[in-house]
Amino acid sequence: MIQITFLRAAVAAASLFSLSNAQVTTPCNPLQVTCPNDKGLATNTYSIDFTTVKSWPSEWVLADYSNVTFGPQGAEFTFAKRYDAPTMWTDFKFFFGRAEFVVKAAKGTGIVSSMVLLSADLDEVDWEFLGGATSTVQTNYFGKGYTGSYNRSTTPEVASPQTMFYTYALDWSPTALVWSIDGKAVRTLRAADADGNGEQYPQSPMKVSLGVWDAGDPDAATQVWGGGVTPIPPPEPYTIGPTGQAIWIVSR
């Protein structure tokens, strides 16, 4: 069994996860059909402290078959068997702003801890942690579901992300997207520099999604990227805190 505990976190929206890197889905893509209006963030800020949660928070949606509980360390995401992918996301969206997550990532070969912003038309912004990568985290972005050749990621250095908590933030504006760790910028993407002469820059309202998935599944095409084949069942339980204690959203 692998447990992931999301501790303190500040975010500005949500998204959906799947069992493959950046292969996410939405219930209705407005580029393809006419969709109902999305729910927006009712105020310019939002926060939640998962360490104090006693019942399921109404503004979060739990994915089917997910095992997510709340305890003294925050939200705990459990990976216990093959095909588990515990995930939760906000029921509202925001359009530009700042998202912060205080996170300790999950251990485990092939196990990926993710904080993702995702829009209905598949704009996407990622923080992703590989369970076997003990000195780096990955950043990524996609526009309108177009992945290109998967050449947009970066791997900033961070010491022992599976054993230490850090504050990971996303500052998203119409002109730039900045990833930072403990207040230090580790990547800046100018909108004009995004692929497609800026067309691939994320520029539609986003949700925030938190979760864990298995890139090292024996049949997954993501094994090499994920660091190898995940032992099933895992050899030991893991408890981590990817964004658990609190989440803050500042919309601009």
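1. A charge sits over a ring if NZ of Lys or CZ of Arg is within 6 Å of the ring centre and within 35 degrees of the ring normal. By that rule Arg-152 lies over the face of Tyr-141, at 5.0 Å from the ring centre, and Arg-187 lies over the face of Trp-179, at 4.7 Å from the ring centre.

2. This is a predicted model, in which local features need pLDDT of at least 70 and side-chain atom pairs count only at pLDDT 80 or more, while totals for chains, interfaces and linings use all residues. Residues are numbered from 1 along each chain as its sequence is written, and side-chain values use heavy atoms, with hydrogens and water left out.

3. Twelve aromatic pairs are found in the whole structure. The ring centres of Phe-94 and Trp-172 are 5.3 Å apart with the planes at 85°, so this pair is edge-to-face (rings of Phe, Tyr and Trp, the last by its six-membered ring, pair if their centres lie within 6.5 Å, and planes under 30 degrees apart count as stacked, over 60 as edge-to-face and the rest as tilted). Phe-50, Trp-56, Trp-60 and Phe-70 form one aromatic cluster.

4. Tyr-168 is among the residues with the most contacts inside the largest nonpolar core, which has 44 residues (a core is a set of buried Ala, Val, Leu, Ile, Met, Phe, Trp, Tyr and Cys residues joined through side-chain atoms within 4.5 Å). A second, separate core of five residues includes Val-112 and Trp-213.

Definitions and conventions:
Buried < 20%, exposed > 50% of the residue type's maximum accessible area, 1.4 Å probe, protein only.
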